[in-house]
Each structure stands twice: as C-alpha cells, then as structure tokens.
Amino acid sequence: MPYVVAAFYHFFALPDAEAIRPRLEQVCSAHRISGTILLAAEGINGTVCGTASDIAAFLDDLRHGALFGGRLAAFECKLSRAAATPFRRLKVRLKREIVTFDGGATDPAAGSAEPVAPEAWNALIDTPGLLLIDTRNAFEVALGSFEGAVDPGTRRFSDFRNYADSLDPRAHPAVAMFCTSGIRCEKAGAYLTRRGFAKVQTLAGGILRYLETVPEAQSRWTGDCFVFDERIALGPGLVERPDHDPETLQ
C-alpha cells in the first residue's frame, strides 16, 4: 500500500479563509498532495492523499508552518493506506460550512457533546436506556453500523435537524452518536445540546478511529465503513474493501 490517505478536520475561527486558500494550494502542490480540502470561517475539513513522506511533511506544515500560525497544532487526523491514489486531482474550496448543516448557526466551539474514546465505546453502548444514533446518511448505514443504532434515514446531513427536532429531550436522558470521522457528530452534538438534551456523547475520532484502535475480535462494528473517495469502504484496521460497486451506493 504505497499511498497514505489523511482525513482531518478542525473547528476554529478562520476569518481569513479566502486569503489562505491560494496559499494552501501552494503548500499542497509543494508536497504533491491530491484530494479535497474545504475552508470556511468555522474551520477546515479535508481528505487528501500522497506518499507516506509527502503526507507527513504536509501535516507537519499544517500543524507547525506559517500558514495557520499554530492554529492547527492539535487537529483531528486519521491515516489509512491505499493501493492507488483515490483522488485524481487537488481541490481547495471555500464553503459556508466545512460540513453542511444549518448555514453556520450551530457552532461546535460554543459547546458540543462529550467525546468518548474508542476503547470505552463498547461499554458505553451497553448502557441501559441509551439512545444510540448513527448520524450518517442512509446509504452509509446500509453498508455497516453498530448493532442497535438508530438510523434516522437521512439522505444528507442537513436532514438530521428534522430527526433531532422530533426527539423529546425528556424522553432521552442519555444519547450517544457516531459518524465516520467525528465532524458530523460535533455539529449534531452541539445541536442536541442546544436543544436541551442533558447528556450527549460521541465516538471520538469516529468510526475510522474505532476500526483503527479496537481489535477486530472485540469490535462491535458490523459491516464496512463507507468513505467518500474511490476506495468506497474500509474494514477493521482501516483495510480497504474493494468489493463494493459505487453504483449501488447512491
């Protein structure tokens, strides 16, 4: 597996996103990086690919280089391997949100859910009375999920608000949620917290961190994890699962 794929995001104030975009493109080009990076006033979200050495140098530049001035010193990032690059080119785009939800009205930095480490996740989801929610879209859930998780049946993440608004905080004193990398849960967690849910917890680092961290023999995950690139899906240990037809996952 000669290529490394880095999936990362970070919510932080980025009022200079427009000015940073061309400079970030230059940094990516210097390290021969392909993939997609989104910039918005609320932060950064990206999935990129390169050789192991190029990805390492690129991530070091993000964390410690002049471009972000140390604002990305400790951002969420997960690494996986690929036999071939899953991206044909580089795209660095300006967006209103780094994950589309409600136009930026929900700010995870103002208060979100409590993250739970993958090592503690199995015990958490066995909690009696817990409402376990898969915040991903329906076609992702169909590929794999945690047993007992509720599928809100969404076609896009912004639909999650309608599902959340149908829930009564008094009827669900404990809620746990998960998504692919954690970014959707940060938004969803902040939204539920704002709506008055007493205890909201999320899987830190998302499904990808769980599959990377928890041994397959102890894993409570069933199926595969959809990823938004040409690899389509990953399994335990973040091993590529090439036997999925993208035409059936729409």
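In what follows, a residue is called buried when its relative accessible area is under 20%, exposed when over 50% and partly exposed in between (1.4 Å probe, protein chains only). By this definition valine 227 is buried, with a relative accessible area of 6%. The structure is a predicted model, in which local features need pLDDT of at least 70 and side-chain atom pairs count only at pLDDT 80 or more, while totals for chains, interfaces and linings use all residues. Residues are numbered from 1 along each chain as its sequence is written, and side-chain values use heavy atoms, with hydrogens and water left out.

Valine 227 sits in the loop that links strand 12 (225-226) to strand 13 (233-234); here and below, helices (H or I, at least four residues) and strands (E, at least two) are DSSP runs numbered from the N terminus. Its C-alpha atom is 20 Å from that of phenylalanine 75, a residue 152 positions apart from valine 227 along the chain.

We turn next to the nonpolar cores. Such a core is a set of buried Ala, Val, Leu, Ile, Met, Phe, Trp, Tyr and Cys residues joined through side-chain atoms within 4.5 Å. The largest one comprises 25 residues, and those with the most contacts inside it are Phe8, Leu24, Ile37, Ile44, Phe58, Leu62 and Phe68. At least two residues of this core come from each of strand 1 (3-11), helix 1 (17-30), strand 2 (34-40), strand 3 (43-51) and helix 2 (52-64). Helix 1 contributes the most, with five residues. For phenylalanine 58, when residues up to four places away in sequence are not counted, the residues touched are Phe8, Leu24, Val27, Cys28, His31, Ile33, Ile37 and Val48, contact being defined as heavy atoms within 4.5 Å.

A second, separate core holds 24 residues, including Ala113, Val175, Met177 and Ile183. Valine 175 belongs to strand 9 (residues 174-178) and is buried, its relative accessible area being 0%. Beyond its neighbours within four places in sequence, valine 175 contacts Leu130, Leu131, Ile133, Leu192, Phe197, Lys199, Val200 and Gln201.

How are the helices arranged? Two packed helices are described by the angle between their axes and the distance between the axes. The axes are lines fitted to C-alpha atoms, for helices over the stretch in contact, and the angles run from 0 to 180 degrees between N-to-C directions. Angles under 35 degrees count as roughly parallel, over 145 as roughly antiparallel, 65 to 115 as roughly perpendicular and the rest as oblique.

Helix 1 and helix 2 pack at about 150°, with their axes 9 Å apart, and are therefore roughly antiparallel. Leu24, Val27 and Cys28 of helix 1 form this contact with Phe58, Asp61 and Leu62 of helix 2. Of the contact residues, five are nonpolar, none polar and one charged, where Ala, Val, Leu, Ile, Met, Phe, Trp, Tyr, Cys and Pro count as nonpolar, Asp, Glu, Lys and Arg as charged, and the others, Gly among them, as polar.

Helix 3 (residues 118-125) and helix 7 (residues 206-213) pack at an angle of about 105°, their axes being 9 Å apart; the two are therefore roughly perpendicular. Here Pro118, Glu119, Trp121 and Asn122 of helix 3 meet Arg209, Tyr210 and Thr213 of helix 7.
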